[in-house]
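Reader: Before I rely on any of the labels attached to this structure, I would like to hear what each of them rests on.

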Amino acid sequence: MEIVDVRGLSCPMPVIRTKKVMDQGVTEMLVKGSSAVSKENVSRLAISAGYKINLKVDDKNNWEMELTK
């Protein structure tokens, strides 16, 4: 499983980094982030790209989501 660490990054960088991994054909990844805005944006990207989202950690300033296609 690919790990994408976007903690501490401002938008649009979390989306860009996640999309880059998606474009490589990865079907399972764990995205780690630290802002609510990036969580929402990465979620939207994942859904539009056909990934299922499983939120592993969902704290205010710390989240982890598992994306599977």
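**Labels and their grounds**

Author: The model is a predicted one, and a fitting place to begin is Lys32, which, once neighbours within four places in sequence are left aside, is in contact with Ile3, Val4, Asp5, Val6, Arg7, Trp63 and Glu64.

Reader: Where is Lys32 found, and why is Lys32 said to have no salt bridge?

Author: Lys32 is found in strand E2, residues 28-33. Its nearest side chain of opposite charge, Glu64, is 4.2 Å away, whereas a salt bridge requires a side-chain nitrogen within 4 Å of a carboxyl oxygen, and therefore Lys32, although buried, is given no salt bridge.

Reader: What makes E1 and E3 stand at the edges of the sheet?

Author: The open sheet has four strands in the order E1-E2-E4-E3, with mixed pairing. Strand E1 (2-5) and strand E3 (52-59) each have a single partner strand, so one side of each is left without a neighbour in the sheet. From one strand to the next, the twist averages 15 degrees.

Reader: Which strands does helix H1 touch, and which does helix H2 lie across?

Author: Helix H1 (residues 13-23) packs on the sheet and touches E1, E2 and E4, its direction making about 160 degrees with that of E1. Helix H2 (residues 36-48) lies across E2, E3 and E4, and runs at about 5 degrees to E4.

Note on methods:
Residues numbered from 1 in each chain as written. Predicted model: local features only at pLDDT ≥ 70, side-chain atom pairs only at ≥ 80, totals over all residues. Heavy atoms only, no water. Helix = DSSP H or I, 4+ residues; strand = E, 2+ residues; numbered from the N terminus. Buried < 20%, exposed > 50% of the residue type's maximum accessible area, 1.4 Å probe, protein only. Lys, Arg positive; Asp, Glu negative; His and termini not counted. Contact = heavy atoms within 4.5 Å. Pairing = 2+ DSSP bridges. Axes fitted to C-alpha atoms, helices over the stretch in contact; angles between N-to-C directions.
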